[in-house]
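Hi everyone, thanks for coming along.

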Amino acid sequence: MSIRVDYRASLSLVGTVLKYLSVPLLLPVVVALYYGETLAPFLPTIAVTLLVGWGLERLAPEPDIAAREGFLMVAATWLAVALVGTIPYLIEAHGIPLLVEPIHPDSTLANPTNALFESMSGFSTTGATVLGSINVVDHTRGVMLWRQLTQWLGGMGIVVLAVAILPELSVGGAQLMDAEAPGPGIEKLTPKIAETARVLWGAYLAITVVEILLLYGLDLAGMAGPNMNAYNAVAHGLTTMPTGGFSPQARSIEAFSAAVQWVIIPFMVIAGTNFALIWQAVAGSPRELLEDTEFRGYLGAMAVLTAILTGLLFTGGFASGVPEGATFDAAYLSETAAAITGNLEPALRHALFQAVSIVTTTGYASMDFDVWGAPAKYALLFAMFVGGSAGSTGGSVKVIRWIVVAKVLRRELFTTAHPEAVRPVRLGGNALDDRATRGIMSFTLLYLSMFFIGAFVLFLDAARAGVDFTVLEVISGTASTLGNVGPAFYRLGPMGGYLRFPDSSKLFMVVLMWAGRLEILPLLVCLTPEYWRR
Amino acid sequence: MRVIIVGAGQVGESIAADLSEAHDVVIVEQDPDRVEELNYGLDVLAVEGDGTSLSALEEADVTEADMVIASTDDDETNIVVSSTVKAVSDAFTIARVKNTQYLRTWQRSRAAFGVDFMVCTYLLAAESIVRVVGLPAARDADMFADGRVEMAEFDVGEESPISGQSVAEADTYDSLTFAAIVRDEELLIPTGTTEIHAGDRLVVIGTPRSVRAFAGDVAPHESALSGEVVIVGGSEIGYHVARLLSERGVTARLIEQDPDRARWLAEELPDTMVLETDATDIEFLEREHIGDAEVIVSALDSDEKNLLASLLAERVGTERSIAVIDQSEYVELFEAVGIDVGVNPREVVAEEITRFTRAGGAENVALVENGLAEVLEVEVDDDSPLVGEPIRESIHSLPADVVIGAISRDGEYVVPRGETEIEPGDHVVLFVETEDADKVSAAL
């Protein structure tokens, strides 16, 4: 038996996933029909997914997936869906030669690199944008909904969804989910892996629906501010739960009332919580959730950050002047500073909203946090490395890994004084075996290395292309794309975007987002010669 | 009573010797030489045969037996003997095991394996070591309800802060009951207003932690440990000593040489610092300041190593040494050459079984003040007069004065107060004068 990677089997399964991607594409079709918009961006996309999917599927009639094939399948699936995801953007900008006139020819997504960036940002739930203008006037509602839908599909994981619905993945499914799911290892909630995947997706869908109903309810009650309507309620439901952050509003959540902001906060917290724990809590043991080490650490991290930010905002922690490259003007600065300084509710609300948004890697903004002073901004920059919980839709390093890293370091200090001491690292009473702790240490180091190298590459590339970026812009942009956060600082701030980067940098960031969503290893492993060797 | 003992090792023989005075004892043993020896040495009937076989049991007349004690050196054999006995007779079965997994299974369902009473050698040995280590201020201490309830007896000295206080004033513990005061050889059942005098002896029943806290109050100077406990050897006994000590709030260090076992111990004992090394490495003993420890417990697998480890520790400065000694004939010798207390697991288990067989229906018994009073542990059933009304009422339906010291319900400690209602299945630890003990036992 050969141990060569059976890439045909992997690609065949990628084809199956692509084929089924045509089903969610019907949602923007329905929206376009409802608003009387053209179906041109979607019908060809559906045709392409079906054709390419069917073609790839033919590579192997009965694909057999083992661990090795799993990595390739997962990595390739995410690239494939990101590529397909660009088609509606490109058709909207260019039309279809001889058949359809361009709909919005001045869209920044006319550039294929930008389209790919936006698509990968969507599927990877990053939420970083290269749109020149974010609204449903310069883009059709159908295409904007597709943009939000990519995040919703990417959040709980396309491969998890595939495991839930494809019977042929009942055997290799656990490996596939492990390669895709955030955090170390997966938790089987039920004996059958497909059932586990269905439970996760079911919970995800149910919570999304609850949020949409609540948001729309606020609108009906007249408490949501001027902009909320059914379309926006759906759009925000689709981008909160995947911790994505693509809002169809240029001003993100600032466009809505304080009530909407308060409602979205708990949903971001839930999105960053381990779904297996949520399921268990709902199924009957909420104590398990409260006693979970990671959940406590996760809440603690957000609480500490909120306390710091509230203090800074309440005492007037705003930028003293408008720095070069900022996305706001002096009037906005003085207005927001006056509204928040010395007022506890807005100070607490914006601090909590932003702390939760960044820690969970959602990336929504309840205000342009770029107006905040340096201490508050640096606090947010560090928070980009925290991330949500394992088994959530959140990105970045994840709370559980930091807890383990801290415990391992503490053990090292202890064993320096007592060389004979045996100290297993404990999580909630259970001892972790040394292989697991080693894996977590390596991942964290790998993540940080990836961040430093990424920032360095972007610096070099910006210098080569002659684009001037500040250090904070490049560093925060790298942390934000690798961690699937979305917004960064200055021109990359919540009201800005990544448009000014040269195409080469954007392509590199596509890789960062891709690697970040898959937690680096499944992608990196496919690039090593050992992987392909017999 | 007709008692069959299967297995005539040290434990079996010791029990047989104790019981033969008052009961008819039959011993089933495979080794013909041992059979001969016992038939001549003790006033018992020794039968040659395998205790797991029906024919051997029938030869011992198992259908007529009131009690069968399975005390071979092999856990599985003892369990199979009990099951086999249950298949053909109504005799009460007692099985001795080493492995605590079996004990845990049996504790979950008292019908498991056909065993009516199970004693665990390692656990009993560990409990008796912990008693010696844990409460130097106590004159006597005993465990009930699988270690969740402890009875202890204290002297009240002149300088004790509680002398001169009333019971109500001294009773500041949630999970502690003042069962009795012994004054001038007389037993008093205290009420809240009873005054505690210097020279009294106090019998308290409560959780191990509260008993320990009380020990600190009643005799602050000699209260329990001031220093640290070091356990050498992560054997089953060493493990249980560490576990029981940590339950009592005493942290210990445990030295184990085998890396896998050390790792397992470190995982199971979060409060204990596990050190993976050879305890006879003098350099290590000095570097880790083992000499500053107050007590060293040697629980290695070999008696000689335990002796060596204890002597080395005492040489570097440890105050007290307790060693597990497997060969009972070594106990005296080791104590003569410097070990303070030698504990022989087989002796401990034989004592426990004998004590149990004497106690009749009670699960566990402790004698207080040379037999002036007894502490009994009873599992109550639906018919018990204690069930169904608050203790304040039900206590009067008993034939004599008793004090309900503690209740263990589904493995949880329940504080008995006047309004507490006892439920079927509860384990009740009660204090009673010896002259009334049989009446009370029978009534329950």
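Let's start at Lys19(A), which is partly exposed, with a relative accessible area of 23%. One thing to keep in mind as we go: this is a predicted model. The side chain of Lys19(A) meets that of Glu57(A) in a salt bridge, at 2.9 Å from N to O. The two partners come from distant parts of the chain, 38 residues apart: Lys19(A) sits in helix α1 of chain A and Glu57(A) in helix α3 of chain A. Glu57(A) itself is buried, at 18% relative accessible area.

Next, please look at Glu473(A) and Arg491(A), whose side chains form a salt bridge at 2.8 Å, N to O. What does this pair tie together? Glu473(A) belongs to helix α20 of chain A, while Arg491(A) is in the loop between α20 and α21 of chain A, so the bridge connects parts 18 residues apart in sequence. Both residues are buried.

Now for a pair within one helix. Asp503(A) and Lys506(A) are both in helix α21 of chain A, three residues apart, or about one turn. Their closest N and O atoms are 3.7 Å apart in a salt bridge. Asp503(A) is partly exposed, at 33% relative accessible area, whereas Lys506(A) is buried, at 2%.

There is also a network of salt bridges linking Arg411(A), Glu412(A) and Asp434(A) with Arg263(B) and Glu267(B). Over all chains, the structure holds 32 salt bridges.

Finally, confidence. The model scores ipTM 0.77 and pTM 0.82. Chain B averages a pLDDT of 85, and 94% of its residues score at least 70.

Methods. Residues numbered from 1 in each chain as written. Chains lettered and ligands numbered in written order. Predicted model: local features only at pLDDT ≥ 70, side-chain atom pairs only at ≥ 80, totals over all residues. Heavy atoms only, no water. pLDDT = per-residue confidence, 0-100. Salt bridge = Lys/Arg side-chain N within 4 Å of Asp/Glu carboxyl O. Helix = DSSP H or I, 4+ residues; strand = E, 2+ residues; numbered from the N terminus. Buried < 20%, exposed > 50% of the residue type's maximum accessible area, 1.4 Å probe, protein only.
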